[in-house]
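These are my notebook entries on a two-chain model, written down in the order in which I looked things up.

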Amino acid sequence: MTVAEAKAQAGTSVVDAKNLGLTFRTNDGPVQALTDVNLTIGKGEFVSFIGPSGCGKTTFLRVIADLEQPTEGSISINGMTPQQAREKRAYGYVFQAAALFPWRNIAKNVALPLEIMGVTAAEQKQRIARVMDLVNLTGFENKYPWQLSGGMQQRASIARALAFDADLLLMDEPFGALDEIVRDHLNKQLLELWARTDKTICFVTHSIPEAVYLSTRIVVMSPRPGRVTDVIESTLPKERPLDIRETPEFLAIAHRVREGLHAGHSYED
Amino acid sequence: MNRVRDSIVPVLTILVGLVVVWYVAAILLNAPFQRDLDRRAGETPGTVEFIGKTLSQPKPTMPAPHQVAQDFFKNTFLRKITSNRSLVYHAWVTLSSTLLGFLFGTALGILIAVGIVHVLALDRSLMPWIIASQTVPILAVAPMVIVVLAAIGITGLIPKSLISTYLSFFPVAVGMVKGLRSPELMHLDLMHTYNASQSQVFWKLRVPASVPFLFASMKVAVAASLVGAIVAELPTGAVAGIGSKLLQASYYSQTIEMWSALVAGSIVAAILVTAVGIVGRLVDRSMGARPA
């Protein structure tokens, strides 16, 4: 049992959703984005949410982040409501695109949350140096976003989410737009970063290998209505070289994820 | 060399084309009066001599380019700039009220845009009035504004520049509403996750995002300001400025002087628009934009 799992079982839950549901009112009538989601995420876990588009995985992440309001059930973040958690800056959010401000250089982009939170200039400098090192971007402080590759931009946006030391990191398909070689590289770096910082990570993806490679737990979701169909505990060790993806153990988990997606009819149109 | 080929050559080609059209028009438009003159004098000039005469009348219907150029050169470079026959003097008078009006207009436009973006009631109520304001013929409004202001003791530069303000606030307001609303949803969500206050969202996201829109609309606004300043000089008995120069020349049928005043106005407009463009590019560069 890993440290993370032990802590999770000790009951220090970071995210706790009970019978959570969210129905969007649209012009074509109500759309059930989430129904009856029951999920507890423990401190230090790396949880991936996988499923086809429309399964509500991003919506669930946005509910945690207080970017959407649930219409049924309840959810608590560190024992608080999502709004309180947001006001306490309890989480860092990484979007599908890097969403860097084009008029700020990388260091200034990373400093954005620190400026908003009123961190002193000296402290800002120190934190920027630390997180730039964490994502291997030291030396690129004065570059502007357009001067960086897509992968580097996304790393800068991860640095920005790490800068204010929230314990929870919410990542919404952060590597979805990148090619596979860059993605492999960033997956490896993300695992290293997770090991070094002991953060709780919620990670949305629609890549089965990515989910299996990264996670301690994989939540399989299914659309119409968006719901959780399976939760898979990973048996892989915390130390994961890239070639772990060819081991039978890895393939067995990947197979189970695929089965879960099948069971949720995710492959039908 | 690329710059020469890409921008100067096309512009010169159009210019040469315009000059040719202008000469042809001058000959055709001045011909009836010249024929009249020749008939009364009992002369029968040859074609070449006749064309020469149409291009050298003292008060032609349509002055030829070289006549305008000569007059423009004389009144721009050969006179003391304090003389009231100097085009530089008149251009400066118009320019000063243009710039003042442009500053007022830009400030007013930005203020209105900030209000519209942040106050729902203003968003609903103000825009139709702003659009309506631009449908009023400025030539009709200008004398009223100046007479009313003179009645309460405000004369000189301010009333003139208010006409410029009236024309220039509009493009800035419209552009800035668009600019302040230009941040992507993702950037707004990001600020929301940081629990940023409305003023932080405004200064750190909306304002920097709106800068390109501001300069694009300021280019339109500065040209409109100049038009406003010239129009303000027309019906008000102004004694100096490009507008008053135009009016005086038309009283005395000094068509050549009218045209050179027009040329002076266009040159001032070109300088103003270029200057705004250059400042815009410098600001863009300082904000880390990719060099074009």
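Across which strands of chain A does helix α9 (residues 248-263) of chain A lie? I found that α9(A) lies across β3 (46-50), β8 and β9 of chain A, running at about 165° to β9(A). Angles here run from 0 to 180 degrees between N-to-C directions, and axes are lines fitted to C-alpha atoms, for helices over the stretch in contact. Helices (H or I, at least four residues) and strands (E, at least two) are DSSP runs, numbered from the N terminus.

Before going further I noted the conventions: the model is predicted, local features need pLDDT of at least 70, side-chain atom pairs count only at pLDDT 80 or more, and totals for chains, interfaces and linings use all residues. Residues are numbered from 1 along each chain as its sequence is written, while chains are lettered from A and ligands numbered from 1 in the order in which they are written.

**Sheet of chain A.** I traced an open sheet of six strands in the order β5-β6-β7-β3-β8-β9 (chain A), with mixed pairing; two strands pair if DSSP finds at least two bridges between them. The edge strands, each pairing on one side only, are β5 (91-94) and β9 (227-233) of chain A, and the twist averages 15° from one strand to the next. Strand β8 (residues 217-222) of chain A runs antiparallel to β9(A) and is joined to β9(A) by six bridges, with A:R217 standing opposite A:E233 in β9(A). I also looked at helix α6 (residues 150-162) of chain A, which lies across β5 and β6 (168-172) of chain A at about 165° to β5(A).

**Helix α4 of chain A.** In α4(A) (residues 106-116) I listed A:I106, A:N109, A:V110, A:A111, A:L112, A:P113 and A:L114 as buried, that is, with 20 or more other C-beta atoms within 10 Å of their own, C-beta atoms being placed from the backbone. The cover over these buried residues includes α5 (121-134) and α6 of chain A together with α9 of chain B. Just after α4(A), A:G118 takes a positive phi of about 75°.

**Domains.** The bounds come from an automatic or database domain assignment, which gives domain 1 (3-90 + 167-263) and domain 2 (100-165) for chain A. Taken over C-alpha atoms, the centres of these two domains of chain A are separated by 25 Å, and their contact takes 10 residues from domain 1 and 10 residues from domain 2. Helix α7 (residues 180-197) of chain A gives the largest share of the domain 1 side, four residues. Chain B is divided into domain 1 (2-61) and domain 2 (87-286), whose centres I noted as 37 Å apart over C-alpha atoms.

**Between the chains.** I noted 15 residues of chain B in contact with 18 residues of chain A, where contact requires C-beta atoms, placed from the backbone, to lie within 7 Å. On the chain B side, α8 (185-193) and α9 (198-233) each supply at least two residues, and α8(B) provides the largest share, six residues.

**A helix pair in chain B.** Last, I looked up helix α4 (residues 87-118) and helix α7 (residues 157-180) of chain B, which pack at an angle of about 35° with their axes 5 Å apart. The crossing of α4(B) with α7(B) is right-handed, which means that the near helix is turned clockwise from the far one by less than a right angle.

Note on methods:
Two residues are in contact if their C-beta atoms, placed from the backbone, lie within 7 Å. A residue is buried if 20 or more other C-beta atoms lie within 10 Å of its own, exposed if 12 or fewer, and partly exposed in between; C-beta atoms are placed from the backbone.
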